[in-house]
Amino acid sequence: MTYVFQPSGVCPSEITIEIDDNNSIQSVNAIGGCSGNLQGISALINGMSVAESIKRLKGIKCSFKSTSCPDQIASALEKLQEKQENKQ
């Protein structure tokens with residue numbers, strides 16, 4: 001399943017997340033933002049479960065902002081989980 005998310009309060013304009021049938025992250029790609037940091041985050045959470053990724057990324061802040069790219073990825077994953085639960 002591929003999910004496209006429009007983050008807010010961060011540099012990327014779009015985050016695309018691919019999840020496999022086991023609810024594990026296969027890829028995370030962003031349009032805009034700090035390429036190196038986003039590639040690093042993606043490499044670290046590839047293969048990780050959605051739940052574990054949310055646990056690790058949620059609440060991280062970027063400097064004076066109330067959110068960050070990792071926090072927005074966690075938000076995207078939470079919305080993805082909600083969609084999956086609503087389908088069941």
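How many helices and strands are there in the protein chain?

1. Elements. The model is predicted. Its protein chain holds 3 helices and 3 strands. Read from the N terminus, the order of the elements is β-β-β-α-α-α. The radius of gyration of the protein chain is 12 Å, close to the 12 Å that the globule rule gives for 88 residues, so the chain is as compact as a globular protein of that length.

2. Extent and surface. The C-alpha trace of the protein chain spans about 40 × 20 × 20 Å along its principal axes. The protein chain has an accessible surface of about 5,200 Å², and carbon and sulfur atoms account for 48% of that surface. Of the 88 residues, 38% count as buried.

3. Taking contacts in the protein chain between residues at least 6 apart in sequence, 41% join residues at least 24 apart.

4. Nonpolar core. The largest nonpolar core has 21 residues. Those with the most contacts inside this core are I17, I19, I25, V28, I45, I73 and L77. Two or more residues of the core come from each of β1 (2–5), β2 (14–19), β3 (25–31), α1 (35–45), α2 (50–57) and α3 (69–87). The largest share, 6 residues, is that of α3.

5. I25. Which residues is I25 in contact with, leaving aside its neighbours within four places in sequence? The list is E18, I19, I45, N46, G47, M48, S49, V50, S53 and L77. Among them, I19, I45 and L77 also stand with I25 among the residues with the most contacts inside the largest nonpolar core.

6. E18. This residue belongs to strand β2. E18 has a relative accessibility of 37% and therefore counts as partly exposed, since that class lies between the 20% limit for buried and the 50% limit for exposed. Not counting residues up to four places away in sequence, E18 touches M1, T2, S24, I25, Q26 and S27. For one of these, M1, the separation from E18 is 17 residues in sequence and 5.7 Å in space, C-alpha to C-alpha.

7. S42. Is S42 buried or exposed? S42 is buried, because its relative accessible area is 9%. The residue sits in helix α1. Leaving out residues up to four places away in sequence, S42 touches S27 and V28. V28 is one of the residues with the most contacts inside the largest nonpolar core, while S27 is also touched by E18.

8. Positive phi. Most residues other than glycine have a negative phi. N23 is not a glycine, yet has a positive phi of about 65°. N23 lies in the loop between β2 and β3 and, with a relative accessible area of 24%, is partly exposed. S63, also a residue other than glycine, has a positive phi near 55°. The place of S63 is in the loop between α2 and α3, and S63 counts as exposed at 68% relative accessibility.

9. S68. Where is S68 placed? S68 is in the loop between α2 and α3. Apart from neighbours within four places in sequence, S68 is in contact with V10, I60, K61 and C62. S68 and L38 are 30 residues apart in sequence, and their C-alpha atoms are 11 Å apart in space.

10. I31. Strand β3 contains I31. I31 is partly exposed, because its relative accessible area is 48%; the exposed class is for values over 50%. Leaving aside neighbours within four places in sequence, I31 is in contact with P12, S13 and E14. I31 and I17 are 14 residues apart along the chain, and 12 Å separates their C-alpha atoms. I17 is among the residues with the most contacts inside the largest nonpolar core.

Terms used
Residues are numbered from 1 along each chain as its sequence is written. This is a predicted model: local features need pLDDT of at least 70, side-chain atom pairs count only at pLDDT 80 or more; totals for chains, interfaces and linings use all residues. Side-chain values use heavy atoms; hydrogens and water are left out. Helices (H or I, at least four residues) and strands (E, at least two) are DSSP runs, numbered from the N terminus. The radius of gyration is taken over C-alpha atoms; the globule rule is 2.2 Å times the number of residues to the power 0.38. Buried means under 20% relative accessible area, exposed over 50%, partly exposed in between (1.4 Å probe, protein chains only). Contact means heavy atoms within 4.5 Å. Accessible areas come from the Shrake-Rupley method with a 1.4 Å probe; for residues, only the protein chains shown count as cover. A nonpolar core is a set of buried Ala, Val, Leu, Ile, Met, Phe, Trp, Tyr and Cys residues joined through side-chain atoms within 4.5 Å.
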